[in-house]
Amino acid sequence: MRNTIEVTPPELVADLMGRGIILAGGGSLLEGLDRRIAHDTHFPVYVANDPLTCVVRGTGEVLKNLDKLSAVLAELSQRKPPR
């Protein structure tokens, strides 16, 4: 996580510092994970409401709005992943 933050653009890091990190999925339910990440990153960390289904629900929203999001998704697919 620290390596990813180190290569993240400063304006996005500022957003993380202000808004925090939201954990989703089954791993977010590991006891103490939110506190550990908050301690290590110095960012506020939250567990999503209903973390087991929020990723699927978010994917459903993307699919419902695919026509509006196609340009964003195309741009993301062209980017090289960070190292």
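Leucine 73 counts as partly exposed because its relative accessibility is 37%; partly exposed lies between buried, under 20% relative accessible area, and exposed, over 50%, with a 1.4 Å probe and protein chains only. The model is predicted, so local features need pLDDT of at least 70 and side-chain atom pairs count only at pLDDT 80 or more, while totals for chains, interfaces and linings use all residues. Residues are numbered from 1 along each chain as its sequence is written, and side-chain values use heavy atoms, with hydrogens and water left out.

Leucine 73 is found in helix H5, residues 66-78. Helices are DSSP runs of H or I of at least four residues, numbered from the N terminus. Together with Leu63, Leu66, Val72 and Leu76, Leu73 makes a nonpolar surface patch of about 440 Å². Such a patch joins nonpolar side chains (Val, Leu, Ile, Met, Phe, Trp, Tyr) within 5 Å, from residues with over 30% relative accessible area and no salt bridge. Helix H5 gives the most to this patch, with 4 residues.

Helix H2 (residues 10-19) is hardly covered, with 1 buried residue among its 10. Just after H2, glycine 20 takes a positive phi of about 95°.

Threonine 41 lies in helix H3, residues 33-41, and counts as buried because its relative accessibility is 11%. Its side chain reaches the backbone oxygen of isoleucine 37 at 2.7 Å and the backbone nitrogen of phenylalanine 43 at 3.2 Å. Leaving aside neighbours within four places in sequence, threonine 41 is in contact (heavy atoms within 4.5 Å) with Met1, Ile5 and Ile21.

Definitions and conventions:
Patch = residues over 30% accessible without salt bridge, like charges linked within 9 Å, V, L, I, M, F, W, Y side chains within 5 Å. Areas by Shrake-Rupley, 256 points an atom, 1.4 Å probe, with all protein chains shown as cover. Salt bridge = Lys/Arg side-chain N within 4 Å of Asp/Glu carboxyl O. Helix = DSSP H or I, 4+ residues; strand = E, 2+ residues; numbered from the N terminus. Polar contact = N/O pair within 3.5 Å; in protein donor to acceptor, adjacent residues only side chain to side chain.
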